[in-house]
There are 2 protein chains.
Amino acid sequence: MNLALTWGMKKRYLLGGLLPVLAAGLLAATSPATVLTKVRQYRQRHEHELLADYTQLLAIPNVAADTAGQRRTARTIADMMRHRGIGQVQLLPAATPGVAPAVYGEVRVPDATRTLVFYAHYDGQPVNPAQWAPGLSPFVPTLASGSLASGGKLLPQPAPGTPLNPDWRIYARGSSDDKAGVMAIISGYQALAQSGVKPTANLKFFFEGEEEAGSPHLGELLARHRDLLKADLWLICDGPVHQSGRKQVVFGARGDVNVALTVYGPRRPLHSGHYGNWAPNPAMALARLLGSMKDSTGRVTVAGFYDDVVPLTASEQSALARIPNIDDDIRRELGFARADGQGQSLSELINQPSLNINGMRSANVGPQAANVIPTTAEAVLDLRLVLGNDYQRQIAKVVRHIQRQGFFVTHAEPTDAERARYPHLVRVVPATGYNAQRTPMDLPLARQVVQAVQTTVAQPVVLLPTSGGSLPLYVFKEVLNTPTITVPVANYDNNQHAENENIRLGNLWDGLETMAAIMTMP
Amino acid sequence: MNLALTWGMKKRYLLGGLLPVLAAGLLAATSPATVLTKVRQYRQRHEHELLADYTQLLAIPNVAADTAGQRRTARTIADMMRHRGIGQVQLLPAATPGVAPAVYGEVRVPDATRTLVFYAHYDGQPVNPAQWAPGLSPFVPTLASGSLASGGKLLPQPAPGTPLNPDWRIYARGSSDDKAGVMAIISGYQALAQSGVKPTANLKFFFEGEEEAGSPHLGELLARHRDLLKADLWLICDGPVHQSGRKQVVFGARGDVNVALTVYGPRRPLHSGHYGNWAPNPAMALARLLGSMKDSTGRVTVAGFYDDVVPLTASEQSALARIPNIDDDIRRELGFARADGQGQSLSELINQPSLNINGMRSANVGPQAANVIPTTAEAVLDLRLVLGNDYQRQIAKVVRHIQRQGFFVTHAEPTDAERARYPHLVRVVPATGYNAQRTPMDLPLARQVVQAVQTTVAQPVVLLPTSGGSLPLYVFKEVLNTPTITVPVANYDNNQHAENENIRLGNLWDGLETMAAIMTMP
């Protein structure tokens with residue numbers, strides 16, 4: 001079922017148009033348990049409308065290459081905020097022209113002594129529609145009875161009034177990463193406002209449009225709108241909850257940088273019979289190069305790769321020890337026999353820098369494969385960084401490793417003279433990257449956020465010193481000197497960054513409750 | 001310029017409709033020098049029409065996946081043969097339904113004591129139009145002032161009557177491999193017939209439609225039409241002339257078999273941050289596997305890979321020594337600093353078995369690259385075989401090598417149990433392959449063919465014991481017990497099997513002369 005095309009947006013469940021200051025001022029302070037009950041009841045009464053709203057948002061393309069789609073996404077979010085009674089809604093431009101704007105809004109609360117900024121990003125990872133499952137298309141939000149990978153089936157449109165099963169999934173690019181963050185935040189606020197519950201802090205909203213591109217203009221945006229964005233804490237809503245299904249609060253994120261490699265072979269593709277054995281094959285050269293970067297246990301063999309890492313503090317180590325170890329369960333579900341990392345747990349390993357091959361390509365495979373010696377072979381590396389790593393230093397280590405394998409490294413298409421001189425040629429093009437960041441777990445506001453999230457669930461909230469995924473948290477620290485705490489909402493098996501991205505409906509609903517709890521924490 | 005769309009086929013230069021026996025019987029025997037003069041004059045007077053004919057043929061898709069295009073190609077060739085006065089034109093079906101038919105025709109010559117079959121194939125390698133240069137499309141034949149790789153420019157339609165520069169190129173899939181063979185053969189005959197020159201042998205024509213797919217039904221076709229195909233020699237027109245530009249006669253061809261490899265990672269694509277370091281990356285596993293197959297000089301490290309090779313005879317070694325060594329020139333033109341093979345020449349190396357990576361792919365690179373751990377990584381290997389190698393034995397050696405690298409080898413999608421048990425899983429799917437074949441250089445008919453080709457050029461004809469490329473020559477030997485000799489026509493820099501395939505016009509014209517000389521050899 002194509003949700004976007006068959007459902008209209010139904011706004012009758014929104015009062016809309018209330019002045020935010022007035023709205024907030026009229027509301028009465030409420031206990032966490034009451035907040036939870038009211039938010040949940042509001043959501044249960046309006047889940048069809050919330051789903052229709054979200055479907056409309058997911059149907060708008062949000063990839064970097066589609067500038068018009070990005071703008072439309074931003075404008076739609078701004079409209080949704082206005083309809084929810086959020087004030088000062090505006091698109092914040094960067095100084096650099098052509099940059100996807102951030103969407104901003106705020107709710108002023110009289111007598112509030114602190115200000116929280118809720119952050120999510122509305123852009124999504126690039127898509128290759130051909131790789132999505134039959135019946136799915138990245139920007140045609142589609143409902144399924146569960147994860148398609150575990151036997152879920154595509155669903156027809158649910159009749160109005162029928163309850164929505166929280167285990168259902170919505171398939172679309174950005175459904176988890178990170179329009180789910182946008183939706184949980186603005187609809188969490190909506191549930192409060194419509195239930196007559198008053199936030200306990202001034203709320204600001206900031207939705208970025210370039211996170212998946214490495215947030216190249218986030219620093220510029222924050223600096224330019226420094227006064228508007230003054231706050232005590234940035235609350236980041238991005239990433240998945242713990243694989244056990246338990247909610248988690250994350251105090252940091254790995255840094256990240258991509259590096260594109262292109263190895264060069266003959267100037268034109270050659271017949272593999274007439275020249276095979278003689279003309280060097282760039283795919284083989286790339287395979288040998290990549291193969292030299294890790295040992296058989298997955299440990300990176302690049303010299304100095306694990307240097308510079310700042311050790312975990314005592315409270316971070318203790319939090320790490322309390323994280324449920326469900327590695328074997330995930331491994332079985334993912335269908336592989338042995339994890340990398342010489343027996344260390346997933347939680348331990350994401351506190352180390354990593355090197356991953358995002359993709360690799362030379363000529364063609366499958367029905368398009370031909371008997372050729374390709375002209376080039378490409379790979380994209382993804383380097384994740386932990387506290388202490390510097391992304392440029394990390395790239396330099398990889399470049400030195402490549403040179404030690406006998407490659408001449410260039411940053412441009414090789415010249416004729418370089419081709420004539422160097423038997424092994426590789427073009428190395430690093431993307432924009434950023435470093436890791438960690439907020440101390442002992443910070444009073446951090447403890448309050450953990451408590452607020454804990455009021456919404458019975459099971460202990462998982463505390464993660466560092467997320468395996470990356471967010472440009474260092475920018476908030478560097479530019480605004482404001483701490484960040486990340487509270488994710490998506491299911492862990494959401495296929496984010498890949499084909500068949502999805503969100504479990506129950507995770508979206510839980511997200512509303514989590515965000516509302518933080519907005520009303522004592 | 002789009003030749004196919006702007007030019008009609010002009011058949012007025014063909015008499016057409018002559019009974020072939022009558023036509024052949026009326027013609028008078030002629031000296032090689034006179035034949036050459038007449039064929040050249042005929043071509044010079046009709047080159048615009050010949051080009052229009054060829055353009056029409058090139059505009060028809062001829063890839064295996066396009067059954068309708070293949071049938072249309074076969075029917076068009078049959079029509080072109082009939083218009084040239086060739087008799088008994090028919091499509092020869094295989095016993096297996098759905099197989100692309102061979103196109104057959106013949107010219108009976110009274111008193112001829114021998115019969116030659118002229119072979120070419122009309123199917124082409126798969127195409128990925130996106131990889132072709134701007135302005136080119138595989139089935140929109142397009143003229144250029146020279147090789148685009150060396151600064152050639154696309155050309156407007158030449159005005160009728162203006163001479164065609166022999167250095168011009170036609171860009172299209174199959175332009176060299178191997179519709180050029182079809183065109184050289186039927187138009188070589190046409191030039192003879194229209195110039196009143198009588199062939200000295202009975203001529204048969206056999207144009208295959210599955211060569212690029214590994215000729216899986218050629219044996220079946222030959223066996224089924226054994227009586228029709230009786231002959232003293234198969235004359236194979238396929239492949240390029242020598243890189244020096246000199247014509248060559250080739251006495252054998254390497255065998256060939258492709259092997260597709262798929263290495264498995266997690267069952268669904270994972271976020272490279274949340275799981276990188278822990279979930280095994282199939283691209284890395286494939287890179288390590290492929291990298292283990294060759295050493296840094298390009299020598300294959302698979303155990304026993306170079307065993308079984310039948311040594312060259314004295315005359316083959318002597319022919320090899322006389323081949324002009326222009327390796328440094330080609331290397332410079334192709335833009336790489338060092339060839340594989342520890343200093344052996346290209347001519348020497350194609351007399352050895354080879355292992356080439358045709359293509360390699362895991363997830364995406366470039367703008368579509370995303371931060372994921374891919375689910376699979378694929379490669380296609382191309383194994384070339386020389387006399388003595390058996391393709392199934394050669395595959396078995398590669399499989400044993402893969403197993404020795406710690407992989408469990410399966411031929412199907414891995415089961416859940418296999419995923420749970422084996423840390424390294426690879427699916428190995430060999431395609432249909434065939435072995436190498438060599439015709440002795442001392443065979444009397446072989447010497448006559450060499451002499452005939454030599455009458456058309458001043459420079460010594462290059463004699464090649466084995467072509468680097470492959471042709472299913474073993475089938476002719478095994479099924480019909482008939483020797484084969486290969487006389488190629490295409491320019492060596494034709495990009496056959498790849499994007500931007502092209503033929504140099506002069507090579508097509510030379511091909512007419514070569515084929516006509518063989519048809520009239522004393």
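B:Gly468 sits in strand 18 of chain B, the run covering residues 467–470. In this predicted model, B:Gly468 counts as buried because 26 C-beta neighbours fall inside 10 Å, where 20 or more is the mark for a buried residue. Setting aside neighbours within four places in sequence, B:Gly468 is in contact with residues of both chains: A:Gly273, A:His274, A:Tyr275 and A:Gly276 on one hand, B:Arg254 and B:Ile350 on the other. B:Pro93 is another story: 375 residues away along the chain, its C-alpha atom is separated from that of B:Gly468 by 30 Å.

The contact between the two chains takes 84 residues from chain A and 84 residues from chain B. On the chain B side, the largest share comes from strand 11 (residues 354–363), which puts in 9 residues. By residue type, that side of chain B splits into 38 nonpolar, 29 polar and 17 charged.

Chain A itself is assigned two domains, each written as two segments: domain 1 takes 3–251 and 451–519, and domain 2 takes 254–309 and 352–430. Their centres, taken over C-alpha atoms, are 37 Å apart. Contact between them involves 6 residues from domain 1 and 5 residues from domain 2. On the domain 1 side, strand 18 (residues 467–470) of chain A gives the most, with 4 residues. That side holds 1 nonpolar residue, 5 polar ones and no charged ones.

Then there is the matter of what is packed inside. In soluble globular proteins, nonpolar side chains tend to be buried together. Here the largest nonpolar core has 299 residues, and the members touching the most others are A:Leu235, A:Cys237, B:Leu235 and B:Cys237. Not counting residues up to four places away in sequence, A:Cys237 touches, among others, A:Phe118, A:Tyr119, A:Ala120, A:Ile185, A:Val487 and A:Met515.

Helix 15 of chain A (residues 473–480) has buried residues too, namely A:Leu473, A:Tyr474, A:Val475 and A:Phe476. Their cover includes helix 6 (218–224) and several strands of chain A, among them strand 7 (233–236), strand 9 (252–264) and strand 19 (484–486). After helix 15 of chain A comes A:Asn481, with a positive phi near 55°.

Conventions. Residues are numbered from 1 along each chain as its sequence is written. Chains are lettered from A and ligands numbered from 1 in the order in which they are written. This is a predicted model: local features need pLDDT of at least 70, side-chain atom pairs count only at pLDDT 80 or more; totals for chains, interfaces and linings use all residues. Two residues are in contact if their C-beta atoms, placed from the backbone, lie within 7 Å. Helices (H or I, at least four residues) and strands (E, at least two) are DSSP runs, numbered from the N terminus. Ala, Val, Leu, Ile, Met, Phe, Trp, Tyr, Cys and Pro count as nonpolar, Asp, Glu, Lys and Arg as charged, and the others, Gly among them, as polar. A residue is buried if 20 or more other C-beta atoms lie within 10 Å of its own, exposed if 12 or fewer, and partly exposed in between; C-beta atoms are placed from the backbone. A nonpolar core is a set of buried Ala, Val, Leu, Ile, Met, Phe, Trp, Tyr and Cys residues joined through C-beta atoms within 7 Å. Domain bounds come from an automatic or database domain assignment.
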